[in-house]
Amino acid sequence: MRITNNMLVSNMLTALGNNESRMMKYQNQLNTGKKIQLPSDDPIVAARALKLRTDVSKIEQYQKNLGDAKSWVDATDTALAQIGDILKRAKELATQAANGTNSPTETGNIGEEMKQLKIQLVHIANTTYSGRYMFSGFKTDQKLINDDESSPDFGKFEIDVNTITEKIQFEIGEGDNININVCGGDIFNLGGNAADGVEPAMMALFTNIITEMEAGDNDGVRSLLNQFDVQIDNLLRVRADVGARQNRIDLSEDRMSNDLVNMTDLMSKNEDADPAETIMNLKMEENVYQSSLAGGARIIQQTLVDFLR
Amino acid sequence: MAVGFSSYEIARSGLRVSERGLFVTGHNLSNVNTLGFTRQQAIIETNPYITEYGNNGRLLQYGLGADIQETRQIRHTFLDIVYRQENTIQGYWDTRSKAFQDVEAILNDPMGDGLQGVMNKFWDSWQELSKEPESLTARAMVRQRGQELVYYYNHIGSQLDKLQNDLNMEIQVRVNEINSITSQIAMLNTQISAQEINGDKANDYRDQRNLLLDRLSILCDAEVNEMQDGQVDVTLGGYYLVNDGQSRNLYVQANAEDGEFFYPKLEGTNIKVNVKSGILKGLLEARGEVPGIKGSTENGTPNYKVDLTFAIDISDGNDFDNLRDSLSTYINELKKSGLDYNIRFITMGATSDVYGKIYDKNNIDDMLADLTASNLLEADTTISDGSFKGLIDELTALNNAPTGFREDAKKYTYVFTNKSIDGDSGTALGDATAYINSLKSMGMKVSVVTDTAYADNGLPDGLGNPEAGWSVITAGTGGNLMDINNDLAGYESMLKDWSDNLVQTVKDALGNIPPSLNIVSDVKIKLNAMLNRMVNEINALQMSGMTLDGKPGVAFFDVIDSNYPMEMGNLKLSDALLSDNGLNNITAAKTTAKGDNTVARQIANLRDVDILVNSTGRVSIDEYYRNLILEIGNGGMEADRIAANQATVVKAVDAQRNAISQVSMDEEMSNMMKFKFAYDASSRVLNIIDSMMETIITSMGRVGR
């Protein structure tokens, strides 16, 4: 093939340009730490990167949801524990009052403490978590039970809460929801619903027993004693359920943090450039570039012109 | 011949040839860096011989020196053709590759902060709202993220529009460039033919023309044909751009008929010139070979158009009360769907008429009133025999009429009849096939409600062909076949099914477009389909619940210009959200209870619901978008790779061309020496002859003087 001077020059320029673009590719990889800059560099990597990033962002949101679910459920559990303590104390008082040796005055005094326990119970039923009534189902802005001691409706439900339908759900995984609240009826009305104006079973028990105590009727108190066990059993059932949810949340948290590590790892493997490899490649390209520069300088320096007089 | 003056001539011709040779060499060397210069060679030939008789009667021939035959360009025409073909392809792929890069830069996913991130944040805000449905902070975040999403969608939209417009303008610039090139070629044609008519070679004009043709080849797939007289004809898409000394310009036209976008046309005519490759074709496809009118579905506006025709045979005294009573169900479903529908009524039978009104979303309530007034069944102009063929003719007329069916609408016809296909006379299967073909050519789906007696094929006629039943028509066009004797509930569920089917079909068709080479317009179609499905689903969910104030939910997103559907550039948060207490109008609850998070959770979950259809089937929004990025990536990679390979090919061909045509300094230096020595030698010959002459003139005949 006949080779002309301009061909040498233009070939050399093209080769230099190619070298430079390869160097730029590795430079970019080093600068950004990523294997690709545009989807067209490697569409598969790009699509996978998009998916993994979305997954990671979802997992991070689920982790936040889990944290919020956990604190809500924990707060519920604390309130339930308090209710448990009150029931225990109330049962002790009732057992004491049921004793026929107590004088009516003594029984009446026990009734005073019982009243205080009832008031405390009503306030627990209206516990708020970050400003929201925990046991009011979806109606988190409304008190569950009337807490106005002067009102004749004191201790009665103020709202309707459907125990089945008013379950607040948080999403803690793709298509994985957890119920984080306990509806008032479930605790206070033996698993039933709450209905406006109706006195819940637990409050009714307190009301009845206080009436008996105030009347100094030991037998009357005794006849109600076994109902405390019914209430305590119901509470235990609810607490077991809440405990199970706590477990599930803990397990999900573990799984999510594992998933996050895995996904982040996959993400890095998918899109991150290996610095050692990239630097090696860059160095190699630099060498090629140097030698092509040197070669170019040699090729175009001499022609026949230099030898003619 | 004895010593004479002709010997001088021989020597002089040697001198002249060598000197001219040096001229050519000098010209080559001077133009060593001239773009498009082809090296020239002085072609030397011997002068004619003279013949004389020798003493012994033999014929002797003597040469009379040398002469320059021509100054020839050293050029390989075949390689020029190959170069130009490859160059055209290179221009095409370079343009595509660049357009893909631009689109990638606009979408900025996955390595930058693109739409995916904005969508993630939007969905996350709904998750936060689902945890605290009554919290104004969470609501403010949802609105804020919604605003970001709207901004981002509109931003991408305007960027894509800008890219499309830039590409469109570039088409104009390139067409002007083609015009300038072709007019120069025509001028050079004239000059070359004028100079070459007496046998010369117009080498340097040819160089200029070749350079222009090379440049033209990267722009478009013009065909070049060299004539006997040295002029070239240039044709593009079968039309002459250059014919001898005449050039014909292209122009780009943008008018109402063709939309805002340019298409190259032949000057003085309305003929579209079909460009098949090169930068120009690359630009046309990158922009999208679409009309570009705002609202055109080819350029991305979601296609929600449906043309519905109810054809009702009233001749047989049928009781159509059921239909009338249940139509409102159908209409209510249609209203909710967000489709852009037109409804027509055609009555068949004893009196047959196109019912005078077309109903769309603006006067749909009139239709229900009209129907109640039994207007429909009292149409009084008799025009046809009520046969199915008559109906098809009517539909065909509507399809072709400018005010008839819309071109890009989905078309459905519902036939209510208590007869067989052609009234009471039998219809052969062959006729039915002809009906199906003409319906198919319109893209019409026909559903039929009829008596079961006419549903299936009947008994064979005398020729043994069975009579066609309605099932042939419905199966052939993809419609449904129903029993006319249903009760009201049956009608309602039938119409509900139809409307569900219709809505689903239209929605599914939005994002699932056939593969094409268009770049920006396809991206716009897909992004708009995604946006449209997403915001419509959110709006529907929003309206299914209750606001914080306990009122029925309102739309979350709205259009800016109500003449167009929701698409990029035409999206905003609804005014209800931005008004006073607007945050309360975000719907999180199904019920009036403030802690109800059902709707918020449904919306947060929407990202995992398969609400879109693409080439891989039903997919979620995230998957759809990912697929779009993958497609753009694949397209870009393909274009990059082919452009790079093509560059190698073009370079190789160019190298072959240059190997033949370019000036080599070493070679020219050798030539210089060659000619110089030849010149020296010829002058020596002249010297010798001169001294011979001197001998004759001054020394001869002096003996004995």
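**Exercises: aromatic rings in a predicted model**

Searching the whole structure turns up 15 aromatic pairs over all chains (rings of Phe, Tyr and Trp, the last by its six-membered ring, pair if their centres lie within 6.5 Å). This is a predicted model, where local features need pLDDT of at least 70 and side-chain atom pairs count only at pLDDT 80 or more, while totals for chains, interfaces and linings use all residues. Residues are numbered from 1 along each chain as its sequence is written, chains are lettered from A in the order in which they are written, and side-chain values use heavy atoms, with hydrogens and water left out.

**Exercise 1.** Classify the pair Tyr414(B) and Trp498(B).

**Exercise 2.** Are Tyr414(B) and Trp498(B) buried or exposed?

Step 1: Tyr414(B) has 2% relative accessibility, and Trp498(B) has 3%.
Step 2: buried means under 20% relative accessible area, exposed over 50%, partly exposed in between (1.4 Å probe, protein chains only). So Tyr414(B) is buried, and so is Trp498(B).

**Exercise 3.** Classify the pair Phe556(B) and Phe557(B), then find its cluster.

Step 1: with 4.9 Å centre to centre and 70° between the planes, the pair is edge-to-face.
Step 2: Phe556(B) is buried at 0%, and Phe557(B) is buried at 1%.

Note on methods
Rings of Phe, Tyr and Trp (its six-membered ring) pair if their centres lie within 6.5 Å; planes under 30 degrees apart count as stacked, over 60 as edge-to-face and the rest as tilted.
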